[in-house]
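Please read the following briefing alongside the sequence and the structure shown here. The points are grouped by topic.

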Amino acid sequence: MRRYHVTTFGCQMNVHDSERIKGMLEAAGLGEAPDRDEADVLVFNTCTIREKADDRLVQHLHDARGRKDRDPDLQVVVAGCWAESQREAIFKDFPWVDAAVGPGRISSLGDAMRADGERRGAFGSFDDFAADLPQRRERNFQAWLQLSMGCNSVCSYCIVPSVRGRERSRHPREVLAEARSLAVDGVVELMLLGQNVNSYGRDLPPAERCTFAEMLRGVDAIDGISRIRFMSPHPKDMRGDVIAAMAESDAVCEQLHLPLQSGSSRILKRMRRTYDQGRYLDLVGRLRHAMPDIALTTDVIVGFPGETEQDFQDTLDVYEAVGFDHAFTFIYSPRNGTEAAGFEDQVPDAVKHERLERLVDVVQRHAAARNAALVGTVQEVLSEGPSRTDPHVSRGKTRGNKTALFTPAAAAGTTVQVRIEETTSQTVRGTVESPVPA
Ligand code: SAH
Ligand code: SF4
Ligand code: F3S
């Protein structure tokens, strides 16, 4: 039997797409290889969000070429956003790539792998939902649930709209049917996915319209689903009905990833984020009013073109004012074809790096403080199995999405109540009080 190996880069959308890719390859009779070295088919599901992502991938492709020189039967397959961005050049620049498909054409993967010549590639035409393909889930108690694909925003730094296409919402009936069947399969936690997940439904025909808030309530009503999270919401679509649905739905976790990007209203405007500092802070206030314990995480970009020391200080000020639980921090990376890549006033690398360091210190300090505040509290933890270093310790996630380490160990998929005893900026640690009554 030929064996495949999938290497996934990028966001959760790609992780989910990789489950579909694995499902399709297995449906076609391939088995999974434990690592790249033992695979007959190497699949790279790629990301192109920042330059670093591209560089890493190109290195992987050169390694694959080395292997292919020794083993001409090896098939090299490239899927995802980088493949889409390179659609014109990929087979010329990387002639050892056998097949490539963009994120909207995962269902064409099998054809591309069998074809030769021109038809090795399938790009554009974002008309099929990967969600409708077979899938192979990593964990039996957690699942992704795709609500939409693509993005209609025009953030001036971002390449996603050009590689993932316009936003399309899945029909609510299909989404809810998949959620129900996952629950029947034993899934307890769902991660609702969309590039701009909380604008879900706007593009549906009026007769079928379902808002994101209604979808949250619909999934919450499904028996067996005890945890709902979603990625990634846009602050502009975080309206009152969504906040109310979050607060009133028991299964929706007290956690939100709310990308800030910058704390400077001037920079936010140039980013085309459509909110300013005041609106963001007001939103945080409304969220905390409705859900006092909510854990907030965010994305921040430093060194966007034209960012002055004062703009960066505004970002630090907003960060301090909100006191996020954690953040992904990025150095601005110009992407070909995006509006901001053409701005004249690019920030020097040294300044970007220096700002990133200062920001990371603030992020770490708040992460440590937010976690320390949980000492003495009891947190509901969904076990994901043994910790990496000690089989007597289990690892899992709190509803606030913190990594929890606890004893005594509990089987993966079980929910326990853990009294938190000590914390770091990365983890909380404690002892199981009692299992949750079923
Ligand atoms: N759709 C999501 C996530 C997009 S990509 C959202 O809007 O939140 C994830 C993060 O990468 C973004 O939130 C942003 O912080 C960062 N990012 C996107 N483009 C970037 C670029 N050109 N340079 C640096 N960071 C970028
Ligand atoms: Fe990119 Fe903005 Fe769309 Fe997010 S909302 S994917 S940052 S364009
Ligand atoms: Fe990367 Fe594509 Fe996701 S560019 S961040 S894998 S949408």
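By class, how many nonpolar, polar and charged residues does the shell around ligand 2 have? In this predicted model, the shell around ligand 2 has six nonpolar, four polar and one charged residues.

**Ligand surroundings**
- The residues around ligand 2 include the cysteines C151, C155 and C158, and with them S153, Y157, V160, P161, Q195, N196, H234 and R273.
- Around ligand 3 are found C11, N14, C47, T48, I49, C81, R164 and Q195, and by class these residues divide into four nonpolar, three polar and one charged.
- Q195 is listed among the residues around ligand 2, and Q195 is also one of those that surround ligand 3.

**Domains and their interface**
- The protein is divided into domain 1 (3-122), domain 2 (137-253) and domain 3 (378-435), and the C-alpha centres of domain 1 and domain 2 are 27 Å apart.
- Between domain 1 and domain 2 about 1400 Å² is buried, of which 60% lies on carbon and sulfur atoms; on the side of domain 1, Q12, M13 and E19 lose the most area to domain 2, together 43% of what that side buries.
- In terms of contacts, 15 residues of domain 1 meet 15 residues of domain 2, and three salt bridges are counted between these two domains.
- R164, one of the residues around ligand 3, forms a salt bridge with D17, in which the closest N and O atoms are 3.1 Å apart.

**Position of Q86**
- Q86 sits in the loop between α3 (81-85) and α4 (90-93), and Q86 is partly exposed, with a relative accessible area of 21%.
- From C-alpha to C-alpha, Q86 and T424 are 42 Å apart in space, and they are 338 residues apart in sequence.

Methods:
Residues numbered from 1 in each chain as written. Chains lettered and ligands numbered in written order. Predicted model: local features only at pLDDT ≥ 70, side-chain atom pairs only at ≥ 80, totals over all residues. Heavy atoms only, no water. Helix = DSSP H or I, 4+ residues; strand = E, 2+ residues; numbered from the N terminus. Buried < 20%, exposed > 50% of the residue type's maximum accessible area, 1.4 Å probe, protein only. Near = heavy atom within 4 Å. Nonpolar A, V, L, I, M, F, W, Y, C, P; charged D, E, K, R; others polar. Domains from an automatic or database assignment. Contact = heavy atoms within 4.5 Å. Buried area = accessible area lost by both parts, 1.4 Å probe. Salt bridge = Lys/Arg side-chain N within 4 Å of Asp/Glu carboxyl O.
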